[in-house]
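Colleague: Hi! I'm new to this one, could you show it to me and talk me through a few spots?

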Amino acid sequence: MANWYQNAIFYELHVRAFNDSNGDGHGDLAGLRQKLDYLQWLGVDCIWLLPINASPLKDDGYDVASYYTIHPTFGFLEEFKLLLEDVHARGMKLIVDMVMNHTSDEHPWFIESKRSKDSPLRDWYVWSDTTEKYKDARIIFTDSETSNWAYSAETGEYYWHRFYSAQPDLNYDNPAVQQAMMDVVRFWLDMGVDGFRLDAIANLYEREGTTCENLPETHAFIKEMRRFVEANYDDRVLLGEVNQWPRDLLAYFGDDGQGGSDELHMCFHFPVMPRLYMGLAMADNTSIIDILNDTPTLPNGAQWATFLRNHDELSLEMVTKEEHAYMWSVYAPKPEMRFGLGVRRRLAPLLGGDVRKIALMHSMLLTLPGTPVLYYGDEIGMGDNVKLPDRNGVRTPMQWNSESNGGFSFAPAAKLYAPVIADKKFGFAKINVEAQQADPDSLLNTVRGMITARKANPALQSGALVWMAGAPKETLCFTRGADDGQQYTTHVLHNLSDQPQQVKLPDGLEATDIFTTERVSGEVTLAPYAWRWLRG
């Protein structure tokens with residue numbers, strides 16, 4: 001029997017951006033509770049919350065100032081407990097972002113650490129009197145940081161940070177730090193969360209002469225965390241953010257010696273995501289098939305998490321230089337659309353608002369192997385605001401209806417944490433949940449229908465992937481199902497091009513369209529950017 005997370009539908013949301021219950025211009029936990037019926041209606045099984053801890057918000061919550069408190073604009077711990085109760089009462093689950101690699105420079109631990117070289121918390125962080133250490137480690141935020149070291153005037157030394165300089169890295173060589181973070185994990189699991197998305201989990205340790213990523217010590221710590229979680233809690237999940245090639249990622253699932261996993265339960269499959277966009281732009285399935293063919297079989301109990309977009313930039317680290325240049329030319333032709341090596345745009349604007357393409361991408365997400373992770377608002381085709389700094393342009397308020405502020409908040413527009421998208425193409429007057437719920441042919445109802453069909457079809461959840469022989473390169477066509485019969489086998493067809501494509505079905509196959517119930521056999525004509533799910 002599969003673990004719950006292997007066949008679930010995940011939905012990533014930012015509490016600040018989802019729904020404002022008290023009119024202060026910021027989404028909050030009470031507002032999220034008001035929208036749980038919507039998420040249940042959509043078919044969501046697990047909600048993933050971006051960081052909710054107290055924070056100065058220099059990196060939108062990924063700079064944690066206290067692991068034991070909620071950011072005051074979101075509410076109180078008591079409200080979080082009420083949220084968990086409501087989520088669980090609906091048969092859904094909830095995971096939270098756990099930022100383990102670093103804290104805010106306003107965290108009390110760091111304030112004490114930098115106070116003096118003799119501070120009892122001095123070695124809770126990584127200090128040096130020189131910037132020459134660990135020079136083989138790359139700088140991640142090349143747009144804003146020139147070094148992984150930052151100077152602290154209090155003691156005249158430098159502290160290590162892999163991300164922004166306001167985010168000093170914890171020193172995991174210190175057993176006290178390891179215990180402190182395990183205590184944090186225990187705190188949230190005791191509260192009832194169903195697991196964690198582990199931020200920047202590959203960067204925990206530093207060693208000279210290495211990239212300071214993917215070190216053996218990191219794997220040892222993850223194994224210990226997994227042992228702790230499984231010894232004390234049932235049905236929890238550890239989902240890792242590790243941007244690596246799939247074969248390199250295999251190590252993060254671990255090996256329990258019996259064919260199972262003993263590190264992370266899930267990892268994001270980063271490399272497949274940009275190749276979906278590349279395949280669509282080039283009308284060529286080659287890159288998608290190649291990366292999935294190079295994706296290894298996982299240990300028992302492990303699973304990939306797949307996605308189209310998320311709260312960060314569309315990462316282009318796992319492509320060649322030529323592919324990177326091509327992707328920028330197609331999807332980020334203007335400098336303000338770029339962030340580091342990636343693209344800071346949402347799904348719908350990336351695809352020019354073409355509902356056919358947006359639905360096609362969702363079809364690929366929901367039929368290829370892996371657990372799908374939807375990003376809030378993408379199910380209605382929300383836009384972005386590239387004029388906002390950093391990656392804030394893809395974290396704008398959810399668009400619920402055509403009323404003031406898109407129904408997100410009754411506060412004056414000037415009080416909102418970020419402007420609601422209001423342009424003619426993607427603005428809330430046109431793109432919103434209420435309007436699309438009322439339209440049976442809307443993108444929202446299309447995505448909901450796909451989710452419903454996936455849940456009713458075991459082949460799409462766990463069936464083996466077999467590419468359809470002879471399909472044109474302009475298409476992505478495959479079969480999901482068991483080798484022991486046809487009754488649970490599903491044939492999925494995607495046209496990546498702007499021209500009709502002919503796809504010859506396997507000889508003797510008579511299949512039924514899952515959505516129209518039409519019987520099909522022989523050859524199928526796919527309209528531009530069309531998709532079909534056939535059971536047979």
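Modeller: Happy to! Let's begin with two aromatic residues, Tyr172 and Phe221, which are both buried. Please keep in mind that this is a predicted model.

Colleague: Good to know. How many aromatic pairs does the structure hold?

Modeller: There are 38 aromatic pairs in the structure. One of them joins Tyr38 and Trp400 in an edge-to-face arrangement, with 5.2 Å between the centres and 85 degrees between the planes.

Colleague: Where do Tyr38 and Trp400 sit in the chain?

Modeller: Tyr38 belongs to helix H3 (residues 36-42), while Trp400 is in the loop between strand S15 (371-375) and helix H14 (433-438). The two are 362 residues apart, so this pair links distant parts of the chain.

Colleague: And are Tyr38 and Trp400 buried or exposed?

Modeller: Tyr38 and Trp400 are both buried.

Colleague: Back to the residues you began with. Why is the pair of Tyr172 and Phe221 edge-to-face?

Modeller: Their planes stand at 70 degrees, and the ring centres of Tyr172 and Phe221 are 5.1 Å apart, so the pair counts as edge-to-face. The cut-off for that label is an angle over 60 degrees. Tyr172 comes from the loop between strand S8 (157-160) and helix H6 (175-191), and Phe221 from helix H7 (residues 216-232), so parts 49 residues apart in sequence are tied together by this pair.

Colleague: Which residues form one aromatic cluster?

Modeller: Tyr38 and Trp400 turn up again here: together with Tyr11, Phe18, Trp41, Tyr375 and Tyr376 they form one aromatic cluster. Trp400 also has Lys35 lying over its face, 4.2 Å from the ring centre. Elsewhere, Lys93 places its charged end over the ring of Trp4, at 5.2 Å from the centre.

Colleague: Nice. What about the largest nonpolar core, which residues touch the most other members?

Modeller: That core has 150 residues, and the ones touching the most other members are Tyr11, Leu39, Leu49, Phe80, Met100 and Tyr277. Helix H6 gives the most to this core, with nine residues. There is also a second, separate core of eleven residues, including Leu509, Ala511, Leu526 and Leu534.

Colleague: What is Leu39 in contact with, leaving aside neighbours within four places in sequence?

Modeller: Setting those neighbours aside, Leu39 is in contact with Tyr11, Leu13, Phe18, Leu32, Val44, Ile47 and Met92. Of these, Tyr11 and Phe18 are also members of the aromatic cluster.

Colleague: New topic: where is His311 found?

Modeller: His311 is in the loop between strand S12 (303-307) and helix H11 (321-331). At 0% relative accessibility, His311 counts as buried.

Colleague: Which side chains does the side chain of His311 make a polar contact with?

Modeller: One is the side chain of Glu12, at 2.5 Å. Another is the side chain of Tyr62, at 3.0 Å.

Colleague: Let's turn to strands. Why is strand S17 largely enclosed by the rest of the structure?

Modeller: Seven of the seven residues of S17 (residues 475-481) are buried, so the strand is largely enclosed. Both of its faces are covered: one side has Thr475, Cys477, Thr479 and Gly481, the other Leu476, Phe478 and Arg480, and all are buried.

Colleague: How many bridges join S17 to strand S18?

Modeller: Six bridges join S17 to S18 (residues 490-495), and the two run antiparallel. Phe478, for instance, stands opposite Val492 in S18. S17 is also joined by four bridges to strand S16 (residues 464-467), again antiparallel, and there Val466 has Thr479 as its bridge partner in S17.

Colleague: Last one: what is the order of the open sheet of three strands?

Modeller: The order is S6-S8-S7, with antiparallel pairing. Strand S6 (127-128) and strand S7 (149-152) each have a single partner strand, so one side of each is left without a neighbour in the sheet. Two bridges join S6 to S8, and Trp127 has Tyr159 as its bridge partner in S8.

Technical notes: Residues are numbered from 1 along each chain as its sequence is written. This is a predicted model: local features need pLDDT of at least 70, side-chain atom pairs count only at pLDDT 80 or more; totals for chains, interfaces and linings use all residues. Side-chain values use heavy atoms; hydrogens and water are left out. Rings of Phe, Tyr and Trp (its six-membered ring) pair if their centres lie within 6.5 Å; planes under 30 degrees apart count as stacked, over 60 as edge-to-face and the rest as tilted. Buried means under 20% relative accessible area, exposed over 50%, partly exposed in between (1.4 Å probe, protein chains only). A charge sits over a ring if NZ of Lys or CZ of Arg is within 6 Å of the ring centre and within 35 degrees of the ring normal. A nonpolar core is a set of buried Ala, Val, Leu, Ile, Met, Phe, Trp, Tyr and Cys residues joined through side-chain atoms within 4.5 Å. Contact means heavy atoms within 4.5 Å. Two strands pair if DSSP finds at least two bridges between them. A polar contact is a pair of N or O atoms within 3.5 Å; within protein, one must be able to donate a hydrogen and the other to accept it, and residues adjacent in sequence count only if both atoms are side-chain atoms.
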